[in-house]
Amino acid sequence: MTNFKVVDRQQLGKQYFTLTLEHPSKMEKIEAGQFVEVEVAGAKDVFLRRPISIHDVEDNRIKLLVQVVGKGTRKLAELKTGNTVNVIYPLGHGFSITGQRPLLVGGGAGIAPLLHLAKSYNAKGVRPTILLGGRTAELIAVKEEFREYGELLFATEDGSLGEKGLVTQHSRFAGDYDHICCCGPTPMMKAVARYAREKGTSCEVSLENMMACGVGACLCCVCDTDEGHKCVCKEGPVFDIRKMTKWMKN
Ligand SMILES: Cc1cc2nc3c(=O)[nH]c(=O)nc-3n(C[C@H](O)[C@H](O)[C@H](O)COP(=O)(O)OP(=O)(O)OC[C@H]3O[C@@H](n4cnc5c(N)ncnc54)[C@H](O)[C@@H]3O)c2cc1C
Ligand code: FES
């Protein structure tokens with residue numbers, strides 16, 4: 001557990017905000033796809049920490065991209081520059097950063113881990129294709145930040161940005177990729193995983209199951225994989241879809 005200092009807070013539209021948190025000294029190495037458990041201080045009825053992906057990493061700072069959906073995230077939205085926030089980090093296992101022609105697909109708050117992921121590919125000399133989706137342009141919280149790290153494409157259901165439709169309907173979705181990484185709403189991840197499975201393309205998905213402890217102790221985050229029940233917090237949140245036939249079918 002570490003007390004980080006809030007050094008920046010940005011509001012992105014109505015639902016999203018970013019927090020840049022500074023570690024007091026040198027941070028541990030953080031893999032793309034790992035997450036933090038953030039304490040929600042000062043809320044009488046929020047006892048559990050909230051799991052949030054690590055959106056970006058720079059020196060001794062991490063950035064979080066948060067969507068306000070309930071009482072915990074609403075309380076976190078009140079944090080201001082100069083405040084202290086207690087964080088357990090880095091948790092879980094990240095993406096494998098494999099392939100020479102990767103496609104990164106994100107939707108909703110699921111675009112959060114993709115920025116650090118795109119940068120991690122760049123560090124290996126690979127420029128990914130990044131496909132971000134949402135119901136409307138406004139609901140894709142972060143856009144241009146991605147541009148310098150890969151080829152950036154959008155799909156929106158109302159056609160307000162990029163191609164009209166779901167990410168899986170985008171004309172470039174069925175491209176010549178050798179690996180797919182996906183994070184977003186479960187139906188989107190299942191559709192992407194089924195496509196990858198049919199095409200024989202390797203694919204990883206990052207699950208966002210409800211969590212409590214975040215460290216494999218309470219078993220409240222288990223998912224049914226082909227190798228039995230796995231804690232998403234400890235053995236994920238990133239899973240190779242080759243082990244996820246049961247999850248894909250349900
Ligand atoms: C590994 C992981 C990484 C995550 N990364 C991010 C991130 O980068 N940015 C972000 O905004 N959110 C992220 N989430 C989701 C985030 O943890 C939840 O939105 C948050 O815990 C909700 O807390 P709350 O108190 O505001 O909502 P609650 O009051 O607890 O619930 C409000 C509503 O949100 C739903 N909800 C609660 N938890 C989840 C969840 N885990 N997934 C989907 N729906 C949920 C509830 O069913 C309910 O409908 C992540 C979740 C996991 C497991
Ligand atoms: S959240 Fe407790 S075991 Fe995963």
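Where is Thr81 found in this structure? It sits in the loop between helix 1 and strand 7 (84-91), and we'll come back to it at the end.

## Getting started

What you have here is a predicted model, where local features need pLDDT of at least 70, side-chain atom pairs count only at pLDDT 80 or more, and totals for chains, interfaces and linings use all residues. Residues are numbered from 1 along each chain as its sequence is written, while chains are lettered from A and ligands numbered from 1 in the order in which they are written.

The protein's secondary structure comes to 5 helices and 16 strands; these are DSSP runs numbered from the N terminus, with helices being H or I of at least four residues and strands E of at least two. Its radius of gyration, taken over C-alpha atoms, is 17 Å, close to the 18 Å that the globule rule gives for 250 residues, so it is as compact as a globular protein of that length. That rule is 2.2 Å times the number of residues to the power 0.38. Along the principal axes, the C-alpha atoms fill a box of roughly 50 × 40 × 35 Å.

Of the 250 residues, 45% count as buried. Buried means that 20 or more other C-beta atoms lie within 10 Å of the residue's own, exposed means 12 or fewer, and partly exposed is in between, with C-beta atoms placed from the backbone. Contacts are pairs of residues whose C-beta atoms, placed from the backbone, lie within 7 Å. Among contacts between residues at least 6 apart in sequence, 59% join residues at least 24 apart.

One open sheet has 7 strands in the order 4-3-7-1-2-6-5, with antiparallel pairing. Two strands pair if DSSP finds at least two bridges between them. At the edges are strand 4 and strand 5 (56-58), each pairing on one side only. From one strand to the next, the twist averages 35°. Angles here run from 0 to 180 degrees between N-to-C directions, and axes are lines fitted to C-alpha atoms, for helices over the stretch in contact.

5 of its 7 residues are buried, so strand 6 is largely enclosed by the rest of the structure. It is joined to strand 2 (residues 16-22) by 7 bridges, the two running antiparallel, and Glu22 stands opposite Arg61 in strand 6. Another 3 bridges join strand 5 to strand 6, also antiparallel; there, Val57 has Ile62 as its bridge partner. The hairpin of strand 5 and strand 6 has 2 residues between the strands, and Asp59 takes a positive phi near 50° in it.

## The mixed sheet

A second open sheet also has 7 strands, in the order 11-10-9-8-12-13-16, and its pairing is mixed. Strand 11 (163-164) and strand 16 (238-240) each have a single partner strand, so one side of each is left without a neighbour in the sheet. Strand 10 (residues 151-156) and strand 11 run parallel, joined by 2 bridges, and Ala155 stands opposite Glu163.

## Two helices on the sheets

Helix 2 (residues 112-123) lies across strand 8 (102-107), strand 9 (129-134), strand 12 (179-183) and strand 13 (202-206), at about 165° to strand 8. After helix 2 comes Gly125, whose phi is positive, near 80°.

Helix 3 (residues 186-199) lies across strand 8, strand 12 and strand 13, running at about 165° to strand 13.

## Around ligand 1

Ligand 1 is surrounded by 20 residues, the closest being Ser53, Gly70, Gly72, Thr73 and Ala112. A residue belongs here if its C-beta atom, placed from the backbone, lies within 6 Å. Strand 4 (50-53), strand 6 (61-67) and helix 1 (71-76) each give two or more residues, and strand 4 has the largest share, 4 residues.

By class, the shell has 11 nonpolar, 6 polar and 3 charged residues. Nonpolar covers Ala, Val, Leu, Ile, Met, Phe, Trp, Tyr, Cys and Pro; charged covers Asp, Glu, Lys and Arg; the others, Gly among them, are polar.

## Back to Thr81

Is Thr81 buried or exposed? With 11 C-beta neighbours inside 10 Å, Thr81 counts as exposed. Leaving aside neighbours within four places in sequence, Thr81 is in contact with Val6, Val7, Asp8 and Arg9. Glu208 is 127 residues away from Thr81 along the chain, and their C-alpha atoms are separated by 27 Å.
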